[in-house]
Amino acid sequence: MIAVLLHQTIAEHDAVGNDILHMCKILGRKYEVYVYANFLLNRGLRPIGRDVLLDVIQDEHNLLIYHHSNYWEEGEEILNTARARVMIKYHNITPASYFEPYFEPYFIQSKNGREQTRLIIEGHPEFFWLGASCYNLAEAGIYGYPNTAVAPPFSNIEHWRRVVPNEAVLKYLLETTTLHMLFVGRVAPNKGHKMLVDIMRAYTVRYGYDIALHIVGKRDEALHLYHQEVDDAIAGYALNPHIKWVSEVDDATLLAYYLGSNLYITCSDHEGFCIPIVEAQSLRLPVVAKGAGAVPETIGGKQILLGDDVDQYVDEIRKIWENQTYTDQLIAQGLDNYQSRFAHEIIEQKFVKAVKAHTGTVL
């Protein structure tokens, strides 16, 4: 069997790229494995040319795994010609409404991507859908259907065991008396940055300015109108010294932020999984999260899930800061959630089981 994994862009250090990388490693123990992308930014993967790909997917014994997270016209064309066995790994697509006020091309792309999801489901009932979460399959309208399963995305958490954290960053975070909060994710309208700013404002009004929010994520110039709204809110509250923007970082620096911060916070309105929550839990960092999208499913039980009341976030942040027993309980429960549901070997078992269910192949 030859396996080919597809996505429009395959990069290092992002959710889809990590998922593809680990799938390739597992499949590669027994079979030939290739990737196809318009933009391949991970040199550790074996690319396949389009002409060869089109030939490979005519063999019904081969396997094509299509990672679906955006609109990709060529990808749909490839799927429509495939006679090989096809699995769709559905990472979800951000609803178009989030982009409508900020950048029309992203609005159109998201709208088309969600329509493409429907067309693939209706046009190819023989395809096997592998959701990153139950939420994703439910949102697509196929949760519990035949030829579906859930397998969380692979991460680089196990790899971090061999990474030395950035010493300077870790020292700064650990040796100051400031309460350090962390958020990791792209700077996009669904990620809840403006609510994070409101929480920072409410906290400083009640407890003073000995607090910092570190936002690790890449800005996209196409979304400059959204960035300006967030920046204006920060400036309006005079919070610039307390909200730290950190662009793309390497593993050592990101690991230092996780290890040195006091809590992880997210107010995202739409997530198909939310890997940073699992990363934080695995590294014994308590999490305060908005209960939207797939977040309640990912974060697990006995964790902090809130709504739109900013004051509730402030209360929880302060409780974590002042009550070590409470914090230790959150950490222990979060770590158990990671170890029992999202450790690498558990995700691998789910992936292998899904491949076997669809192809009969034992990995």
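These legends go with a set of close-up views of a predicted model.

**View 1. The largest nonpolar core and the residues at its centre of contacts.**
Start with the largest nonpolar core, which has 63 residues. Which of them touch the most other members? They are M181, I199, Y258, Y264 and I265. Helix α7, running over residues 193–207, gives the most to this core, with seven residues. There is also a second, separate core of 26 residues, and Y36, L53, L79 and W129 are among its members. In soluble globular proteins, nonpolar side chains tend to be buried together.

**View 2. Y258 and what it touches.**
Here we zoom in on Y258, one of the residues that touch the most other members of the largest core. Setting aside residues up to four places away in sequence, Y258 touches W160, L182, V184, Y264, P276, E279, A280, L283 and L285. Y258 also belongs to the buried part of helix α9, and that helix gets its own view next.

**View 3. Helix α9 under cover.**
Helix α9 spans residues 251–260 and is mostly covered. How many of its ten residues are buried? The count is nine. They are D251, A252, T253, L254, L255, A256, Y257, Y258 and G260. The cover over these buried residues includes the helices α6 and α10. It also includes the strands β9 (179–184), β10 (211–216), β11 and β12 (263–266).

**View 4. Helix α7 packed against helix α12.**
Two packed helices are described by the angle between their axes and the distance between the axes. For α7 and α12 (residues 310–322), the angle is about 60° and the axes are 9 Å apart. Their crossing is right-handed. On the α7 side, look for M195, D198, I199, A202, Y203, R206 and Y207. They meet V310, D311, Y313, V314, D315, I317, R318 and W321 on the α12 side. Sorted by class, this contact has ten nonpolar and five charged residues, with no polar ones.

**View 5. I320 in helix α12.**
Staying in helix α12, we pick out I320. Is I320 buried or exposed? I320 counts as buried because its relative accessible area is 6%, and the cut-off for buried is under 20%. Leaving out neighbours within four places in sequence, I320 is in contact with N262, L263, P286, V288, I304, Y326, T327 and L330. For a sense of scale, the C-alpha atoms of I320 and H22 are separated by 35 Å, and the two residues are 298 residues apart along the chain.

**View 6. P153 and R161, two residues in one loop.**
P153 sits in the loop between β8 (148–150) and α6 (167–175), and R161 is in the loop between β8 and α6 too. P153 is buried, with a relative accessible area of 5%, whereas R161 is exposed, at 63%. Not counting residues up to four places away in sequence, P153 touches D19, K89, A132, F273, I275 and I347. Between the C-alpha atoms of P153 and D311 there are 33 Å, with 158 residues separating them along the chain. R161 and T361 are 31 Å apart, C-alpha to C-alpha, and 200 residues apart in sequence.

**View 7. N18 in helix α1.**
N18 is part of helix α1, which covers residues 15–27. With 10% relative accessibility, N18 counts as buried. What does N18 contact, leaving aside its neighbours within four places in sequence? The partners are H13, F154 and N156.

**View 8. Two loop residues with positive phi.**
Most residues other than glycine have a negative phi. A238 isn't a glycine, yet its phi is positive, at about 55°. You'll find A238 in the loop between α8 (224–236) and β11 (243–246), where A238 is partly exposed, with a relative accessible area of 47%. R284 also has a positive phi, near 65°. This one is in the loop between α10 (275–282) and β13 (287–290). R284 is exposed, with a relative accessible area of 52%.

**View 9. Cysteines without a disulfide.**
How many disulfides are there? The count comes to zero. Take C274: the closest cysteine sulfur is in C267, and at 11 Å that is too far for a bond. C274 is buried, with a relative accessible area of 7%. C24 counts as buried as well, at 11% relative accessibility.

Note on methods. Residues numbered from 1 in each chain as written. Predicted model: local features only at pLDDT ≥ 70, side-chain atom pairs only at ≥ 80, totals over all residues. Heavy atoms only, no water. Core = buried A, V, L, I, M, F, W, Y, C linked by side-chain atoms within 4.5 Å. Buried < 20%, exposed > 50% of the residue type's maximum accessible area, 1.4 Å probe, protein only. Helix = DSSP H or I, 4+ residues; strand = E, 2+ residues; numbered from the N terminus. Contact = heavy atoms within 4.5 Å. Disulfide = S-S within 2.5 Å. Axes fitted to C-alpha atoms, helices over the stretch in contact; angles between N-to-C directions. Left-handed = near helix turned anticlockwise from the far one by under 90°. Nonpolar A, V, L, I, M, F, W, Y, C, P; charged D, E, K, R; others polar.
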